Amino acid sequence: MSEDVSDGWNASASAWIVEQGEDGDYGRRFVLDAPMRARVEGRGFRNALDVGCGEGRFCRIMQRAGIRTTGIDPTEALLGRARELDPDGDYRLGRAETMEVEAEFDLVVSYLSLIDMPDLAMAIARMAAALRPGGTLLIANLTSFNTAGQPDGWKHDGEGVARFAIDHYMDERPIWVSWRGIRLQNWHRPLSTYMTLLLDHGLQLRLFTEPEPTSGDPDRIASHRRVPYFHIMEWQKPD
């Protein structure tokens, strides 16, 4: 059975599965997948932990790159879909903040899952603990200036021009976002909160990038260039 959470995931699981399909939503398909694949393919990774794996899509992508994967997620319905699509996969019920894993992974991935975690400090501590010395923590996350404008996001000003308003940037807080039958609790945190926690665990920053859409709807490309949604970070645990 699912863990007792009140962040919307249990109620939204069915709509989420439909939204993601086989290829992922717009952000994954046209913005994040290509650079995320580039960070895992051909680099000799053998054993990866996907924290917040959902329906297992990125686990399957990593498997196609020859990487053995373990997925962990707190929503049983999403894990059920992952097991349906990948019957031989290793998918476990649990939360990042409380997972008990050994330092056995040379790659730990958080693909748009840090924003879902109420206890970010503990989640990052457990992810760092899961890494072997020399291992890599690969993160895709929403940009903090974008979450600082949620849930209202884009609005039109008095002249009808679309504007994205950022406010209370330094105030960490939960935010509820809704679209196409999905209603979830995310967390806004300033970028310094993420960076400080990761640095406090001795992790070393190896990559920071803000990927742009490669294709898709031109209007979405234009809005994404004005206010990007995502960044990718890669951190290494010292030997």
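User: What should I know about the numbering and the values?
Analyst: Residues are numbered from 1 along each chain as its sequence is written. The model is predicted, with local features needing pLDDT of at least 70 and side-chain atom pairs pLDDT 80 or more, while totals for chains, interfaces and linings use all residues; side-chain values use heavy atoms, without hydrogens and water.

User: Why is the pair Glu19 and Arg180 called a salt bridge?
Analyst: A salt bridge needs a side-chain nitrogen of Lys or Arg within 4 Å of a carboxyl oxygen of Asp or Glu. The closest N and O atoms of Glu19 and Arg180 are 2.9 Å apart, so the pair qualifies. Glu19 lies in helix α1 and Arg180 in the loop between β8 and β9, 161 residues apart.

User: Why is Glu19 called buried?
Analyst: Buried means under 20% relative accessible area, exposed over 50%, and partly exposed in between (1.4 Å probe, protein chains only). Glu19 has 17%, so Glu19 is buried.

User: What makes Arg180 exposed?
Analyst: Its relative accessible area is 60%, and the cut-off is over 50%, so Arg180 is exposed.

User: How do you know that Arg83 and Glu76 form a salt bridge?
Analyst: Their N to O distance is 2.7 Å, which is within 4 Å, so the pair counts. Arg83, at 31%, is partly exposed, and Glu76, at 23%, is also partly exposed.

User: What makes a set of residues a nonpolar core?
Analyst: The members are buried Ala, Val, Leu, Ile, Met, Phe, Trp, Tyr and Cys residues joined through side-chain atoms within 4.5 Å. The largest such core has 48 residues, and Met36 is one of those touching the most other members. A second, separate core of seven residues includes Trp16 and Val177.

Technical notes
Helix = DSSP H or I, 4+ residues; strand = E, 2+ residues; numbered from the N terminus.
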